Amino acid sequence: MKQSVQNIMVIDLDRCIGCMACQVACKLENEVALGADRIRVLTIGPTGTYPDLQMYFLPVMCQQCEEPPCVAVCPTGASYRRTEAGDIQIDRDICIGCQSCYRACPYALNIFNNELRIMDKCDQCAHLQKIGEKPACVKNCPGRAMFFGDANDPDSDVSRILCETDPAHVHTLPDSGNRPMTRYILRKSDWVEIMPQEVPEPVNRRRQR
Amino acid sequence: MQEQAAKMKDMLDPATVDDLELVLSGPESFAPLTESDAGADDEVQKINTCCRACISNCGVIAHVRNGRVIKLEGNPEDRMSKGAMCAKGLAGIQALYHPNRNKYPMQRVGERGENKWKRISWEEAIDIIARKLMETREKYGAETVFCSTGGGGNPEIWSIARFCNIFGTPNWFEPGCAQCYLPRVLATAMMYGGDDSSIADSNALEIYFPEDTEMQSLVLWGTDPSYSCTASGGAAVVDLRAKGVKTVVIDPRLTPDAAKADVWLPVRPGSDVALMLTWIRYILDNRLYDADFVLRWTNLPYLVNTETNMLLRAETSNDPASPDTFMVLDARTGSPRPLPYPWDDNLDPVLDGGCHIDGIEYKTGYRLLKERVEPYTLEKGAELCWLEPDRIEKGIRMFTDNQPGGLALGVATDQTPNSVQAAMAANIIDLLMGNVERPGALMQRFRKSGVFDMPNYPVPIAAGRLPDEQLKKRLGGIEHKGLHIWYAGHATSIFDAVLTGEPYKPRIWIDRSGNKMGAIADSHKVKRVIDELDFIVHMYMYPTSFSAYADILLPTTEWLETDMMVETCNTLCARQAVTHLWETMDETEIWSRLAKRCGELGHEACRLAFDAEYMGKDLPYWESVTELWDHFLSRIDLTWEQLKQNTPYEYMSKDEWKTYYVYQQTDPQTNLPVGFNTPSKKIELYLESMITLGRTGLPFSACELEPATRDYDPLPYFLEPSESPLAGSELVRSFPLVMTNGRVPLYHHTTLRNVPWMRELYPVPELLIHPTDAEKYAVEHGDWVWIESLRGKIRALASLTQGIMPGVVFMERFWNPETLDSKTRGWQEMNVNVLTKADAPFNDVVGTYTLRGILVKVYKADGPPEGIWQKPEDFRVWLPEPADPTKEVRL
């Protein structure tokens with residue numbers, strides 16, 4: 001179904017410096033529990049052989065799929081698409097925390113909120129959108145790498161940057177029919193086709209999950 | 001209450017539960033806010049302030065409801081951070097409301113190091129310290145008191161130096177100083193006289209205006225703004241790259257900036273100066289420098305006496321507005337001629353030449369520089385620095401082919417005994433290209449507000465109040481005279497004096513900032529020093545390893561509780577207290593109270609330090625910092641209250657502020673160009689004033705001092721690390737890897753290891769090691785390993801990566817607040833400074849010891865150190881415990 005408003009994120013990876021401020025901004029804004037993240041910054045690489053190396057950073061969060069498996073599998077209807085924004089939300093009042101959406105998400109980006117015993121994920125800071133603000137991560141990004149807006153509005157930030165960018169430099173996470181909406185721009189390194197959950201965690205964090 | 005009590009007991013282990021009740025219930029003088037004080041119910045106030053989670057000052061909007069800080073966000077009006085904050089700043093609430101804040105002054109009960117405390121009043125605390133200071137001064141002399149500060153966590157540097165000057169001790173130090181920033185400040189002040197090119201120290205202001213800079217290339221040498229100053233300099237470099245500015249990154253670690261660079265030159269730690277000399281030789285050989293600028297505006301054409309190493313003067317000037325007149329070799333006549341400042345069109349000065357006058361050989365500064373860099377061919381540089389010659393050439397060309405540009409030198413080279421020479425050589429590279437005060441250059445003298453007399457922190461240092469006979473007792477102050485630019489002593493000389501009693505034995509240590517057990521080289525030696533001392537005071541926001549060995553603990557304010565003036569580009573900003581918790585006090589006030597009590601106990605200089613007339617421009621001590629900021633702000637007809645309401649305050653338009661080519665402006669007194677802020681008014685690439693500094697201490701020392709053992713060299717030289725991995729080294733057989741350290745974006749110095757949001761992202765340090773080395777030493781990805789140097793051993797998690805130079809290992813500095821109440825006191829598990837080297841060789845000019853480029857061995861460990869926390873839920877006990885603000889702390 002084509003939405004009239006389709007809010008998406010576009011992330012310019014040439015501008016992402018892997019500082020993890022988006023992770024902390026999200027925690028501060030959304031009170032995400034310790035050990036859980038709605039957004040994570042992955043390090044892709046280094047690839048190549050010393051000293052000819054490539055490395056870039058990949059912030060991942062709910063990809064707001066056009067064909068969202070999480071909505072399809074949700075037994076209670078808690079996962080749903082908002083018509084006014086085109087984004088995928090979880091209704092906390094009816095979520096039973098069964099984790100079906102976690103298992104259905106091809107990128108494992110739905111998380112279990114251990115405190116509330118329900119599912120959690122990036123909601124593009126719906127509460128901030130209501131007061132006309134952008135998601136916390138976008139607003140705060142030091143590298144000014146993150147863009148948010150209506151993909152169907154040709155004047156939005158996201159449409160403008162996508163329009164200015166050579167399509168060969170615009171990527172999505174691997175698509176298995178779910179049609180992720182988040183766009184990644186990468187001009188100066190070679191895009192690595194990888195599922196977020198397959199990217200190795202840093203050794204000092206990998207025992208955590 | 002009991003749960004809270006138990007938690008506090010974990011960290012502070014107060015002597016009895018009765019004391020605890022007192023701690024948690026609060027005394028009579030601790031007045032809680034009433035409903036009406038807290039402001040309209042539930043209304044969120046948004047207050048503009050500035051962060052201080054590191055030494056940047058990013059603009060912040062603090063959301064405060066009912067007196068409690070509930071949210072932080074970046075202020076888009078900030079000229080440098082432009083609305084962003086880094087992870088450290090965003091965690092400010094967790095630092096502010098940390099359950100283990102130092103809440104009240106505490107006095108040790110039980111033995112020193114037992115970490116047992118009782119609460120005392122501020123009045124008692126100040127009295128105890130002042131009496132101890134007075135007694136020690138009486139018995140052993142004021143110089144046996146030493147103080148230390150540092151950059152970690154809301155620092156205010158100059159108050160400590162001011163107190164020392166007034167109390168009469170020449171001995172304060174920082175773990176940074178000679179190891180951080182001072183080498184660059186000193187070299188730049190002497191060679192140029194304007195701002196240095198350090199991005200992390202909020203200089204290099206050209207980079208914050210990507211829309212109008214003419215910059216074509218940027219060299220990031222031993223600096224990674226993406227990590228060290230993410231929201232300001234890190235973001236600015238992103239903008240520059242996006243605009244097409246070419247970047248060259250010199251760093252043994254593939255940092256984010258290195259990964260995004262046009263050329264990455266991974267350099268062997270400690271060999272940077274060899275690489276710089278290689279760059280200089282290449283630039284000279286290939287005549288890539290700005291010949292006109294070098295001839296007219298540097299001192300390289302001036303003749304140098306090869307016997308004395310001093311410049312040949314035709315005339316010395318007694319007028320400070322006019323420089324001495326120097327001799328050049330005139331090509332037209334083939335003879336030495338005086339070159340009147342700034343230039344004489346009738347002369348044709350030779351750049352590369354020499355002559356004999358009265359049997360003495362003279363050479364131009366250029367020729368001496370050329371001879372100095374002669375051995376450093378691309379091949380030689382490659383061999384010394386573990387690089388390929390063409391890669392070096394590519395890096396140089398990326399810079400020289402894309403001008404104007406700038407070279408930003410970071411802290412890396414400050415942390416080796418070759419520190420000052422690195423700063424000199426880096427400046428030579430940039431200045432040979434003419435990159436000073438032109439659009440696109442980093443070295444600039446943009447205008448200032450005029451409200452600061454001192455750099456960065458406004459507190460007047462009152463340097464002239466220290467009697468000359470006391471200044472002469474500054475430990476390390478004769479050998480390392482560059483330290484006098486910051487009026488500082490030499491850390492190792494102070495520690496050696498404690499341990500040997502020579503030339504006298506320091507007895508009292510008052511410290512503010514950070515965890516000195518984690519911040520000073522050779523931590524085990526620091527502990528031996530502590531064991532020798534009579535009395536130790538620590539003032540900080542929360543307990544650290546160092547606190548455990550103190551006699552008195554003083555609670556200081558977090559940045560969200562601090563009032564401080566800040567200058568950011570063409571604006572003045574207020575870091576303003578948005579709340580105030582417990583009995584914490586701003587350290588700028590603590591030192592004033594200490595001076596006051598010393599005065600009351602009979603210290604004449606401390607008593608007079610409160611007399612406005614007597615103190616003059618040094619200003620009297622203050623009751624509150626507001627008085628002080630009002631005084632300075634009155635210069636531009638502002639009050640502190642007004643600045644708080646209107647921050648950031650644009651004191652000048654951007655165009656007026658961003659002034660290029662200051663040196664070409666006409667001096668109304670002489671009708672000549674004002675030139676640079678150096679004795680010759682030229683850029684002094686041949687740094688003659690190093691010789692004068694070494695012989696006399698001038699111009700930085702308040703009085704003339706005995707000469708250092710050896711003259712300081714006016715040109716940069718390469719010093720191979722004393723723990724060398726090169727052929728012929730004995731040590732490399734048992735310690736085969738070169739170790740370096742540096743930043744991750746979640747911590748600043750020793751701060752924030754107790755903050756859950758930071759620790760869950762970086763719970764324990766990684767040791768970056770190249771797979772070829774890992775294989776050699778039987779280490780696998782994710783193994784716990786020991787890292788051992790001649791001085792000790794620590795553990796870390798091995799991370800195998802191509803992103804580190806083979807033969808080199810990298811590790812972030814660390815300490816573990818979770819083991820503070822164990823026998824390790826949190827500093828012995830993973831603290832890089834257990835390994836580093838505090839003894840000679842030192843940098844001749846400033847006494848730098850070796851923090852980077854030490855030799856280590858790495859081998860598999862059985863597991864992690866006992867008691868350390870790694871899982872996110874482990875840090876739950878450190879989650880914020882919000883508290884209502886204190887209305888007033890009475891002394």
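Modeller: B:Tyr661 counts as partly exposed, because it has 13 C-beta neighbours inside 10 Å. The model is predicted. The phi of B:Tyr661 is near 50 degrees, a positive value in a residue other than glycine. B:Tyr661 sits in the loop between helix H26 (654-657) and helix H27 (689-696) of chain B.

Most residues other than glycine have a negative phi, and most peptide bonds are trans.

B:Tyr181 also has a positive phi, about 85 degrees, although it is not a glycine. Its place is the loop between strand S7 (172-173) and helix H7 (182-191) of chain B. B:Tyr181 counts as buried, because 23 C-beta neighbours lie inside 10 Å. The cut-off for buried is 20 or more.

Next, the cis peptide bonds. One joins B:Gln403 and B:Pro404, with omega about 0 degrees. B:Pro404 is in the loop between helix H15 (389-400) and strand S17 (405-409) of chain B. Another cis bond joins B:Thr647 and B:Pro648; omega is again about 0 degrees. B:Pro648 belongs to the loop between helix H25 (640-645) and strand S23 (649-650) of chain B.

Now the helix. H5 of chain B covers residues 122-140, 19 residues in total. From first C-alpha to last, H5(B) reaches 27 Å, close to the 27 Å expected at 1.5 Å a residue. Its buried residues are B:Ala125, B:Ile126, B:Ile129, B:Ala130, B:Leu133 and B:Arg137. Seen down the axis of H5(B), the buried residues fall within an arc of 120 degrees, so they line one face of the helix. The face turned away from that buried side carries the exposed residues B:Glu138 and B:Lys139.

What do the buried residues of H5(B) pack against? Their partners in chain B include strand S6 (145-148), helix H6 (158-167) and strand S18 (508-512). Strand S19 (535-540), strand S20 (552-555) and helix H21 (587-600) of chain B are also among them. After H5(B) comes B:Gly141, whose phi is positive, near 105 degrees.

Last, the contact between the chains. Chain B gives 48 residues and chain A gives 34 residues. On the side of chain B that touches chain A, the largest share, six residues, comes from H9(B). By class, that side of chain B has 28 nonpolar, twelve polar and eight charged residues.

How values were computed. Residues numbered from 1 in each chain as written. Chains lettered and ligands numbered in written order. Predicted model: local features only at pLDDT ≥ 70, side-chain atom pairs only at ≥ 80, totals over all residues. Helix = DSSP H or I, 4+ residues; strand = E, 2+ residues; numbered from the N terminus. Expected span 1.5 Å × (residues − 1). Buried ≥ 20, exposed ≤ 12 C-beta atoms within 10 Å, placed from the backbone. Arc of directions from axis to C-beta. Contact = placed C-beta atoms within 7 Å. Nonpolar A, V, L, I, M, F, W, Y, C, P; charged D, E, K, R; others polar.
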